[in-house]
Amino acid sequence: MVCELDYSKERRWEGDYLKEKCIEVGVEEEYNLYQIRLRLYYLGVFLFLHWLVALLHSGFLLVTCEHKDLIYMDVLCYLVACLLITALMSINLRKELAKRRIWIMYVTSVIAVLILVAVDLLINVYHYHKNDWITGSFYDTYVILTIFMFLPIPNILAPLALGIVVSSIYILYYFYYVASKYRYEISNVTHVSPMIADISHQFCLNLLGVFFRVMREILVRSSFLDRHQFVMEDIWLRNARAQEKVFLHSILPQQISQPIQDDIRNRIALGEKHRNVQIFSIGERIMSIQNHPDVTILYADIVNYTHLTTTLSVKTLVTLLHNLYARFDKAASHFTVQRIKFLGDCYYCVAGLITPNPDHAKCCVEMGLCMIQQIREVRDSQKVDINIRVGVHSGGLFAGVLGATKLQYDIWGSDVVIANRLEATGVPGHIHISERTLQLMLDHTYTILSGTEAAINDLYLKKHGIFTYLIPPTETSEQMSFSFSSDDLESMSISRSMSLKSVSLRSELNDSRISQELRNEFQKMPVGPLSLKDRIKHFFNWEDHKEAKKSDNENQALLRFFFLDFKDPRLEYNYIRQPDYMLKYSILLAWCMSLSLITIELVFSQKAHENGYYIGSAVILSLSILLIITWYKKICYWRNSEEGHKYSAVSCLLFRIAENIQRSLIKRVCIYMFTIIVYFLIIFIMLMECDLQEFEVMHIESKLYLYEMDSQLCFQPWVLTNMLCLIIGMSLIFTRIPFTMKVGVTIFEVIVYMVLVFFQFEYIVHHSLTTNPFFLAEYAHAILILISFLSLYLMERQTEFNNKINFKWRVELKRKQREARLADQSISILLHNILPTHVVDIYLTSLARHELYYESYDMVAVMFATLKNFELDLPSLRVLNEIISEFDRLLSFYKDDYSVEKIKIVGCTYMAACGLDLRLSSTTSERQSRHESIVQEVLRARRSINSFHRHSRQLKKRNEDIVFVITAFALDLMRTLWMCNAHYKSIPSEREMFSADLRIGISSGEVMAGVVGASQVHYDIWGNAVNMASRMDSTGVTGLIQVTDETADILRKCGIKCNYRGMTFVKGRGILPTFFVGIDENFNFQYFTESWTTGHSSKSSYSSSNELSFAE
């Protein structure tokens, strides 16, 4: 078995990689500033700790020493040193000075260390020469820990060099002490042993400090990069949510947008949890419709629009419509009128819809006058023959959205139809208003003319008793004249993107703004847990309400004080179960520490040498195996960092073992406890070799008979204390072990040590070297252990705090990423509710270039399907919503596989088209669909077209099969409606109300498409095929599909019968032949059975018919 090395996760926890990433993302400078803040925080902890140490030590001296006159000098020196160090290091607390003069941190730190060392050693020298007292150093361990953990010395080399210098000074002092005590007789190996122990102790202290510095650097950089990513995600998420809101409000008014937005998010979330499960069934869909009893509706229709769509180029037409509708949108915004939508040449809007407005009638009239003025300006500037009819009526309506896809805001009601009829029966260049609207304008100054003859004769207006009036345009009216430029377009258009992470930040948030927000966030990053002073302030509600304090308090609200465990058990559980990719460094330190401890134990051991060697060898061997396992992957990465290198089965096994240990908390805890137990085993071996009674006798005799007793008779208490300091350090610094457990183990170690010092081996410790004259040695040992524990606890507490906050940020980051993904999907849905799928990316590119999006197609099949027999009341709208939703569900089967696109819904009319996606339309019949029946019918139509062209030898036109696809979709709509009929008629309460029928018109040919509008962009299609499909619908017959002559010709090529209806009057085109698609009583196509030549020749038979039908 062979495998490849995956070192990516471990690589993210290495210092050089993290530094490269900081430089790569451009936050190295901010990281250095944050490091300065951290150093200043550590400095504050050091000053607090040092005063505590000095006062504790001085207090014990004053309380416990019998001859206080000998220790006054010591206390004075300690307190003066504290004052000097505090005054000296306080210079660094000035942040601006620390930023500009980094060298000050080096100089002050070195001077502070020298003061500590000088006070510690000179006091010993003073007592030796003045009082003939030989005393030991007190600050050696404390100074080394302080250099690496507290002092504001940047990098790692400087504190390492300083640590080596200090260790060398203490070792030299020890040589001086040994030479003084033993009269320069240091050739005896028993006298060299303490020096070896001291050198090992100093080496391990520096190693411990280096490990701490390296781990802290890695953790802080990792936290900083996580914070950077967290902030960037937060910035992007806010931007995405803002875009989502803008997108939503661009298609839906704000008062109903939130339920729709929540519905979209819920559907996405449910879809992720319950894949391939239908979330909503018929009768269970959300319907967002509201009743508005007092509004004014404006309908406007561009006169001569049909001629424009057949004579202008696509670019000219889209530019003209966009310019015109953008002007209308700008005017609607000014007059507080809500634009609903535009339907080719029709633009309609409502005043008083979003917020109640008592002047809604006047607002609509002013809007209409402004539109007339805009039409004049466009007509004069672009030299086109256009005009506008405007109809305005006041009353009530229902407003909302219908269906499941392409959610478009629309209005329904009899007053809406009245406004539409007012527009249709109006006069170009005038506003045609109802009597109700005129009554609402009490203080108007308009010229009022009588209504039109067409309005008087209109059956719908006559049925509702509507009296009408005309308002001609006047130059003295209050309407605005807008100058519309590309700048206006840019300011009012919406910048959208499917990939917001790469586009929205670049397009909407400039780099300087992001950098400033990042700097602000980095400045608020916490540098450590709250101090005791902050805790007291928090308890008495004295908090400073600054932003940084607020951030600290929020972080502290998550954690408990002493053990810094999360108050939320789930967070704590997930935190401690994180993998440890820095385990190899902890194992390396543990291995070095065990080597040093075993060396010390063997040096001081006189009895049981053989057992000591065996145990030491077993310990070194076991830890060496762990060292090889954890470092093998790193060594392989060093040797072969390139990808694709194959490793043997043994290497793969070692990789898996190491990864398993890294991921398993239980295994890591076992390794941790094994290491601590091994260390104590080494100490216990030393303790067991000591015969306490023999030591007491020999010590008493040495005093009585004035001879030097054997120093190797029992363990050296200071060696034992130094060993325990190292074990405490290892216990607390071991990575990714629960902090509560580490503190608990360390406290247990301290308690065991105190029992040994004050009870079990009190006599030996009491007669060991002390640090001050007449100061009990056991107190000196205990204080040193407590100081070491407190120093290491405070720094590891700081590390744990950073780890916990970093973990919380990662949790928040994942949450934000989930929300961002949800927002991204929501925006994607909203985008596809505005634009067809294939248009989105092209439109965004055009928008980024400040260009209009438009396209021209040679062959597109267009369908209009109108539901008849619907009363526009709330119960009927509920049923309509269910039917439209079923139509949308059916569309999903055609949309992806056959590029059928829903264009819009107008009232009860469903508009769709096929062939708008040039990438898909040429292969519609070759794609694999999810429904075999659709596949078979399309393939049959394709074969029929090919067979026809082979027999007739005519040149095949491109994409003729899309006509069959849209017709098949229309037939499926009829089948779906039949099923809905059956469903509702089976419900007694719905039986009487529901009696819908479907009328469908289809046409095909050249089509133009584009995106127009400013505040609310709108995708639409124009052209003769669109106009004819609409006329085929409006002049059609319920239960049938009416098509044009050209469309019927293509369907016959597909083998489908098309029954000649007769000569039909079509508005704008005159009298034309039309056909009904052959459909049997089971809603199946009627196919030809004859040969193609015979079948196609039957086309000419329609000329014998004299049937003529007329439409409005």
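A salt bridge here is a side-chain nitrogen of Lys or Arg within 4 Å of a carboxyl oxygen of Asp or Glu. Keep that in mind, everyone, since I'll start with pairs of that kind. First, some housekeeping: this is a predicted model, where local features need pLDDT of at least 70, side-chain atom pairs count only at pLDDT 80 or more, and totals for chains, interfaces and linings use all residues. Residues are numbered from 1 along each chain as its sequence is written, and side-chain values use heavy atoms, with hydrogens and water left out.

So, the salt bridges. By that rule there are 29 of them. Take Glu-217 and Arg-221, whose closest N and O atoms are 2.9 Å apart. They sit 4 residues apart in helix 9 (residues 189-251), and therefore about one helical turn separates them. Helices, by the way, are DSSP runs of H or I with at least four residues, strands are E runs of at least two, and both are numbered from the N terminus. Glu-217 is partly exposed at 28% relative accessibility, while Arg-221 is buried at 4%. For those words, buried means under 20% relative accessible area, exposed over 50%, and partly exposed in between, with a 1.4 Å probe and protein chains only.

Next pair: Lys-633 bridges to Glu-10, with 3.0 Å between the closest N and O atoms. This one links distant parts of the chain, 623 residues apart, from helix 25 (residues 609-639) to helix 1 (residues 8-11). Both Lys-633 and Glu-10 are buried.

One more: Arg-560 meets Asp-565 at 3.1 Å, N to O. Arg-560 is partly exposed at 40% relative accessibility, and Asp-565 is buried at 17%. There is also a network, in which salt bridges with shared partners join Arg-11, Glu-14, Asp-16 and Lys-634.

On to helix packing. How do helix 24 and helix 29 cross? The axes of helix 24 (residues 583-604) and helix 29 (residues 717-733) come within 11 Å and cross at roughly 170 degrees; axes are lines fitted to C-alpha atoms, for helices over the stretch in contact, and angles run from 0 to 180 degrees between N-to-C directions. That makes the two helices roughly antiparallel (over 145 degrees; under 35 is roughly parallel, 65 to 115 roughly perpendicular, the rest oblique). The residues in contact, meaning heavy atoms within 4.5 Å, include Leu-589 and Met-593 of helix 24 and Met-723 and Leu-726 of helix 29.

A couple of single residues to look up on your screens. Asp-140 lies in helix 7 (residues 140-149) and is buried, with a relative accessible area of 7%. Leaving aside residues up to four places away in sequence, Asp-140 touches Asp-120, Tyr-170 and Gln-202.

Phe-774 has a positive phi of about 60 degrees, although it is not a glycine. You'll find Phe-774 in the loop between helix 31 (762-766) and helix 32 (777-834).

Finally, confidence. The chain averages a pLDDT of 80, and 79% of the residues score at least 70; pLDDT is the predictor's confidence in each residue, from 0 to 100. Where pLDDT is low, the predicted coordinates should not be read in detail. Thanks, everyone!
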